[in-house]
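Subject: Structure for your review

Dear colleague,

Please find below the structure that I am handing over to you. My notes on what was found in it follow directly after.

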Amino acid sequence: MKFSWLSLSIIACALQITVAAEDGYRLWLRYEPLPGQTIKTYLPHVTSVVASGDSATLEAIRTELIMGCAGMLGNSLPVSKDVDRDGALVAGTPENSPLIAELRWQKSLIGLGAEGFLIRSVKLKGRSVTVIASSGEIGALYGAFHFLRLMQTLQPIDRLDVSQKPRLKLRVLNHWDNLNGSIERGYAGRSLWNWNELPETVDPRLRDYARANASLGINGSVINNVNANSQSLSTEYLRKAAAIAGVFRPYGVRIFLSARFSAPMELGGLKTADPFDPQVATWWKKKADEIYRIIPDFGGFLVKANSEGQPGPRTYNRNHVDGANMLAAALAPHNGIVMWRAFVYDMKPDYDRAGAAYENLQPFDGKFAANVLLQIKNGPIDFQPREPFHPLFGAMPKTQLMPELQITQEYLGFSNHLVYLAPMWREFLDSDTHAKGPGSTVTKIVDGSLDKQKLTGIAGVANTGSDRNWTGHHFAQANWYAFGRLAWDADLPSEAIAEEWVKMTLTCDPEACSALVRLMLESHEALVDYMTPLGLHHIMWGGHHYGPAPWWDKEKRDDWNPIYYHRADERGLGFDRTKTGSNSVMQYHAPVRDRFANVTTCPEKFLVWFHHVPWDFRMRSGRIMWDELALHYQRGVEWVRSARKQWDAMSGVIDLERHAEVAKKLVIQERDAIHWRDSVLLYFQTFSKRPLPEGVEKPQMTLEEYQAKSLTW
Ligand code: GCW
């Protein structure tokens, strides 16, 4: 087997980068030298690579294993055709590797699917070797990354018996990238796709993007914004997209496009986009045929229809099913799918936005085509720091549902705040909907085990961009990582994911590692404390959503204004979603709805989400609600201060560059947390008319000063 130029240059690059400054570019695939003792125990088990096959994926497997071992162990693995020594790493599929075929694992491998893998320490040709096998090449690549991760996280590799497969079929990133290179809600630079230079020139960075995704098992990428431009579906742009797909393909990442519902008019010159118009359906069919001619493994469409001004079937008096199924029919002959978004909320007088998606979509349960998934945000409003789970989960047993999470921190301090999102996503995935009695968790609904859903998936709105470190904040990389790991295995604990990430990305030093994991695990609750405790939501500054503006009432729609959500008055605080109010709590199954609806049983973290609560309401702590609220804000500020101290103390353990960059961001985070605490409390104090409780610091500025100018980022 010989090395291609590509793999040699990749390895050379990796080795060079090792000595260069640590700028975060390598993400969790740094492959830094392991502790000496670990190297000693690993070396006998990693002596050569046997992975035959000419495909680009096999090339990627060889390259990754060689690069990983060179970095971590300092050895250079020879590539050989056969097992001729102990410690060989044999990777591939029964089809391309006679050695693997000989093992007769075919039955188990087929059971694991083309993305699943086995990693086993076995005897082969009288030698002790490690076999990384799958029925598909992408599965073998995932296995190689898993093997490397075991080493990166200092796990034993001498007696391996690993068997894994993803529970969800589609594990996709949604990029809200515009064709002009900007990213809606992106906080890490410009779009990674260089549309102007494509298809002739493809930024080599795209390969690293695909590689990072493959290391987690992310297998799809929607490359354009859901607020879509029809141009993305033009022949010119499809050719550009095809060039991107070509780079992603060896890594198992398929591309998807957001489709603008009115494209038949804008691109096709039709007079309507009515899904019942035969010309419209034909236009989409032809478009789908063209797409698959240009991108044979195209994944399908993501559609935001009749939401926030986007066109959709309702523009023509048709419904969501009419629209989704028409597109699904165009894609079905090619095995393409439609991800139809449930983020729909029409403003009606006196309505409750939290109940709108359910009202709009639940009646269509069982009506969507077999290749449609309904993509639903985790909560009923909009990616808030904390929301109860969306009531559509558990309410549409005959519809294929997939969650949409937001990795980019639109409402969570952009890429300035250190916040690890796995605990928030876990809270959502573990939520018990009680749809079929106790234990009907969101995870069981979306992985198909509860309602036999065939097509399964999960999406995350990406936080990547052209910044050298990909995500703006070094710790925001952990959220990309955690999304991918949870998409692969929705049962993984937040702590285990954090530990992996810290070891792979920052340090294996045991003390520093456990301190960092603890910080990460606390960070989400702390952010909720200083932003939106007790169920507060959507009180961010209008438009950009950075920083607080609970007083805001200037948006053209009521339901874009914070005052609509918190409903503060002299009596109290909160949105009454019980029967004395909007009653949208009824969208949940019993006993969840009963627990939420009763102010004494409602979890306090959702108190003012569901109730308008008097300022002097007695909380479980014995304190009144106003005091409790204020103390949450104070606690959040204190957490950031302590995080700063702990981070500063790690200056010897973390490389200089990243240490300094994170330290700088923590200064901003502290400034922002104080700003949140002071401005929100001063504003609500105009209603509560109560003093700040003991332990809460005096505000640094006046309410008028806070109202005059938003925080800058
Ligand atoms: O949260 C809101 C964002 C919009 C976004 C929309 C959506 C892409 O503020 O920027 O548009 O959600 O999810 O469609």
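Helices and strands are here taken as DSSP runs, a helix having at least four residues and a strand at least two, and they are numbered from the N terminus. Please note that the model is a predicted one.

I begin with a single glycine. Gly 379 is found in the loop that lies between β11 (372-377) and β12 (401-406). The relative accessible area of Gly 379 is 1%, and because buried means under 20%, this residue counts as buried. Leaving aside residues up to four places away in sequence, Gly 379 touches Glu 387, Pro 388, Phe 389 and His 390. From Gly 379 to His 589 there are 210 residues in sequence, and the C-alpha atoms of the two are 16 Å apart in space.

The next topic is a sheet. Five strands form an open sheet in the order β1-β2-β4-β3-β5, and their pairing is mixed. At the edges stand β1 (48-50) and β5 (161-164); each has a single partner strand, so one side of each is left without a neighbour in the sheet. On average, neighbouring strands of this sheet are turned by 25° against each other, direction ignored. In general, the strands of a sheet pair through backbone hydrogen bonds, in either a parallel or an antiparallel manner. The pairing of β1 with β2 (residues 88-92) is parallel and extends over three bridges. Within this pairing, Val 50 has Val 90 in β2 as its bridge partner.

Two helices accompany these strands. Helix α3 (residues 56-73) lies across β1 and β2, and runs at about 155° to β2. Helix α6 (residues 137-152) packs on the sheet, where it touches β2, β3 (117-124), β4 (127-133) and β5. The direction of α6 makes about 75° with that of β3.

Finally, I draw your attention to a pair of helices. Helix α15 (residues 477-488) packs with helix α16 (residues 494-505) at an angle of about 130°, and their axes are 10 Å apart. The two helices, α15 and α16, are therefore oblique to each other. Their crossing is right-handed. On the α15 side, the contact involves Gln 477, Ala 478, Tyr 481, Ala 482, Arg 485 and Leu 486, which meet Ile 497, Glu 500, Trp 501, Met 504 and Thr 505 in α16. Of the residues in this contact between α15 and α16, seven are nonpolar, two are polar and two are charged.

With kind regards

Definitions and conventions. Residues numbered from 1 in each chain as written. Predicted model: local features only at pLDDT ≥ 70, side-chain atom pairs only at ≥ 80, totals over all residues. Heavy atoms only, no water. Axes fitted to C-alpha atoms, helices over the stretch in contact; angles between N-to-C directions. Parallel < 35°, antiparallel > 145°, perpendicular 65-115°, else oblique. Left-handed = near helix turned anticlockwise from the far one by under 90°. Contact = heavy atoms within 4.5 Å. Nonpolar A, V, L, I, M, F, W, Y, C, P; charged D, E, K, R; others polar. Pairing = 2+ DSSP bridges. Buried < 20%, exposed > 50% of the residue type's maximum accessible area, 1.4 Å probe, protein only.
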